[in-house]
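The sequence and structure come first.

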Amino acid sequence: MTMHTRTHKQVDLTHTTEKMIGDRLRKYESLFKLTPEHMRRLVKAFTEALDLGLAKPKQVVPMEPTFVFGWPSRQEQGDFLTLDLGGTNLRVCLVTLQGEGKFEITQSKYQLKEEQKQEDGQKLFDFCAECLKKFVDAHLTDENGGLRLKPGENLPFGFTFSYPCSQERIDHGELIRWTKGFQNPHTEGQDVAAMFRKSLERFNLPIELTALVNDTTGTLIASHYANPKSKIAVVLGTGCNAAYMEHVKNIPKIKHLGIDDNTQMASNCEWGAFDSFEHEHLPRTKYDVIVDETSSKPGEQAFEKLISGLYLGEILRLILCELIDEDVLFLGQDTSQLEIPYALDTALLSLMENDQTDALLTVIGIFAHFFALETAIEERQFFRALAHLIVVRAARLGACGIAAIVSRMDYLEEGCLVGVEGSLYNKYPGFVETVHEGLQDIFGEQGRRVLIPLNIITHHAEDGSGLGSAIIAAMTRIRLDAGLYPNL
Ligand code: BGC
């Protein structure tokens, strides 16, 4: 436990402390700043990483082929089950596609406990199958308790598994590595679709795993289904990643599969891994290095660790801890609660930035309630300014990733929509505007902040991955029924 002796009144700062805070803020501003010039350099390096991932297997940014062939027709029909495993909750959906772009969704959420992210992989999938069973019992039985399915009928199922997987076909995927703090043993290097099928058998469910889908690929297909101008999808939540539709002729590493060159296939970039291991490009501060080195996967997911919701609160917490150690903050108070790793959730940064009161009452409440700490107004303003710097950097880095895909696909002239899922994008005040400003800085008149009408517009892709996974299962059934690439 750390205790510091306070030499002045509880929430009035001395002139010296006030000055120290001001000096520190200027230091952090320059540390977290990303100039347009730097952003353009990052976009170039990012574009090269995308090219490399498409050319050869097992690259840092792996650009995983998804076996989702082209866009949906919007005429897909039928009932589909989906399950989303990717972060804090499990989500099970029954999606009814009605054609002409219409659909209905019934969904249930199931909470995933922290311990479940560490237990044996098969046990985690057993839990997922158990949730599916509960959902089927609740939503797919008739008044006599029988299943509302024809005898022998199996419901097509889209498994949204939001971790990097290397796929050989649509219903297969070898987990490259766990991300987002999951560490379930006996899963990395395994075919997670096969593991899931094993769990399904245990519960004797009338379900057929038709497609293994990443959340970004689901979001890509769902947002295009809602608006065909949508051509790129991004997830900015607990983790971060993007997907887009690539021309098969531009994916040299799958040439041996003999897919028609004029076909398109969704590519799951797994861009969270950009600049992993070598750390040549990203502007990592010493706080980012600590986040990385103390994580369960040091060196990995370098881009994600600077951007995603799992880590942003921790970056701020580490800065505050440094200032506690240097006797700048919370003198004379017990700071032990704030010194617990990951105690400052990114959602709290969002609440802090949303605080409209002059006295910053929400910030007072957060520090008092979660950390038993009293704060002076100058400190609260400082914390809010720090949160802003960290999140603005994240949004601008996100813009670099989007710009790399836009450049690669030459979408700048014709324009496109970018469907985005995830709490950071949907809920963090000002995030959307900052991403757009970042895109302006990259593509606007070089060197000057002159606004040109930009055709690249991001929008919130609601229900992205659940709906997308169902549409992909439908597209797969149609493709396989037509005998197209039956082994893929
Ligand atoms: C995973 C991706 C996923 C992203 C967003 C990352 O940690 O590697 O597969 O799309 O999180 O959920």
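## Overall fold

The protein chain has 14 helices and 13 strands (DSSP runs numbered from the N terminus: helices are H or I with at least four residues, strands are E with at least two). The model is predicted: local features need pLDDT of at least 70 and side-chain atom pairs pLDDT 80 or more, while totals for chains, interfaces and linings use all residues. Residues are numbered from 1 along each chain as its sequence is written, and side-chain values use heavy atoms, without hydrogens and water.

Of the 488 residues, 57% count as buried (under 20% relative accessible area; exposed is over 50%, partly exposed in between; 1.4 Å probe, protein chains only).

## Salt bridges

The structure holds 26 salt bridges (a side-chain nitrogen of Lys or Arg within 4 Å of a carboxyl oxygen of Asp or Glu). One of them joins R408 and E246 at 2.8 Å, N to O. This pair links helix α11 (residues 377-409) to strand β10 (residues 240-247), 162 residues apart. R408 is partly exposed at 23% relative accessibility, whereas E246 is buried at 0%.

Within helix α8 (residues 309-325), E314 and R317 lie 3 residues apart, about one turn. Their side chains form a salt bridge of 2.9 Å, N to O. E314 is buried at 3% relative accessible area, and R317 is buried at 4%.
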